[in-house]
Amino acid sequence: MTEVSLQQVVKNYGQLEVVHSIDLEIKDSEFVVLVGPSGCGKSTTLRMIAGLEEISGGTIKIGDRIVNDLPPRDRNISMVFQNYALYPHMTVRDNLGFGLKIAKLPESEIGRRVDEAAEILGLGLYMDRLPAALSGGQRQRVAMGRAIVRKPDVFLFDEPLSNLDAKLRGQMRTEIKKLHKRVNNTIVYVTHDQVEAMTLADRIVIMRDGHIEQVGTPLDVFDNPANIFVASFIGSPPMNQLDGKVVGDEKSGLQIALADNIQIPVPTRAQKSVTKGQAIIVGIRPDDLTPVGHGMMDAGETVSFDLTVSISEPLGTETILFSSIGAKEVQGKMLNPRPIEGDERFTFNLSLDRVHLFDAESGMNVLGDQNG
Ligand code: ADP
Ligand code: MG
């Protein structure tokens, strides 16, 4: 059993604190992805788990052991980096086996483990090649193979796919997921790419400025973002954000007044969580704003209003519609699309079940963090 536990972990570089007392409990066999913008502290956190950076405060446990003062080689972890770090003068086979040779494992055991990793990663045909004669994806596979042969308790990945082109990145993503299914180790994976995070993770940890903003399953953080930062970071195209104000009265039901005289009812589930006069940011995902007849079937509680679409982007199965409310650009989606020419006025349905409300001052979801 290999849980990884971070308790009040702090990192300072000199006077500068870059990771601020974070707590995180990673379960045995769990695939956890740390995601956030560049510079938010993802690599630093991963490197502290690996032992490549000393921690400035707090406790890190891997399995039952507190590893604060253990060197990397005694933590039973394997790390895969963005730049592969292969030995250029060694064949694939020797690259795969080198760490085990240094650890003085018997030849036969090295051979067995190297063959097994090669089989898992489909490297059999390339075993006698040098890294220079491999594609980017193949090199990345060798880097992963080198991690696998050590049979670590925990895999640590730092942006392993960032150097690959988009298509290969998609393929390798699937391979990493398969790998996890097969070896079932605990994985901590760092990326700045929210799509990668959503598709790979059992649970996502969203970081900003050295803090953890939210932890949850991909659908938790998508459906119930704790704050406006998480809401805007997760999802593509990004969530629309409109400024509004709570109006009306409790008896007839509270409304939110947006620009251009558009009013939407406060969804039933949020009626008790907002107050008259409160400034609100209304978060609307493009998927939840669809022209009448071109949306999802399970509409539930909805409200309709007219908008002029000035630009449309056909993607085949759907078309992204660009419009505006007040000075804010708003994106909607047309499912089962038909051609659109020039400016066209549409009646849009907005799904109230899926609208997100944030307090404008604090940026927090008015419903609180529903994931605990
Ligand atoms: P991420 O991986 O999320 O892009 P990092 O963990 O690499 O971010 O960096 C977090 C913060 O720590 C950044 O502001 C970065 O500039 C700073 N930082 C990282 N390494 C060092 C270092 N060796 N010395 C000083 N500051 C550092
Ligand atoms: Mg990094």
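Modeller: A residue is called buried if its relative accessible area is under 20%, exposed if over 50%, and partly exposed in between, using a 1.4 Å probe and protein chains only. This is a predicted model, in which local features need pLDDT of at least 70, side-chain atom pairs count only at pLDDT 80 or more, and totals for chains, interfaces and linings use all residues. Residues are numbered from 1 along each chain as its sequence is written, ligands are numbered from 1 in the order in which they are written, and side-chain values use heavy atoms, with hydrogens and water left out.

Biologist: Is α1 mostly covered or mostly uncovered?

Modeller: Helix α1 is mostly covered, with seven of its nine residues buried. A helix here is a DSSP run of H or I with at least four residues.

Biologist: Which ones are buried in α1?

Modeller: They are Lys42, Thr44, Thr45, Leu46, Met48, Ile49 and Ala50.

Biologist: What comes just after α1?

Modeller: Glycine 51 follows, with a positive phi of about 90°.

Biologist: Which polar side-chain atom lies 2.5 Å from an oxygen atom of ligand 1?

Modeller: That atom belongs to threonine 44. A polar contact is a pair of N or O atoms within 3.5 Å. A backbone N or O atom of glycine 41 also lies 3.0 Å from an oxygen atom of ligand 1.

Definitions and conventions: Polar contact = N/O pair within 3.5 Å; in protein donor to acceptor, adjacent residues only side chain to side chain. Helix = DSSP H or I, 4+ residues; strand = E, 2+ residues; numbered from the N terminus.
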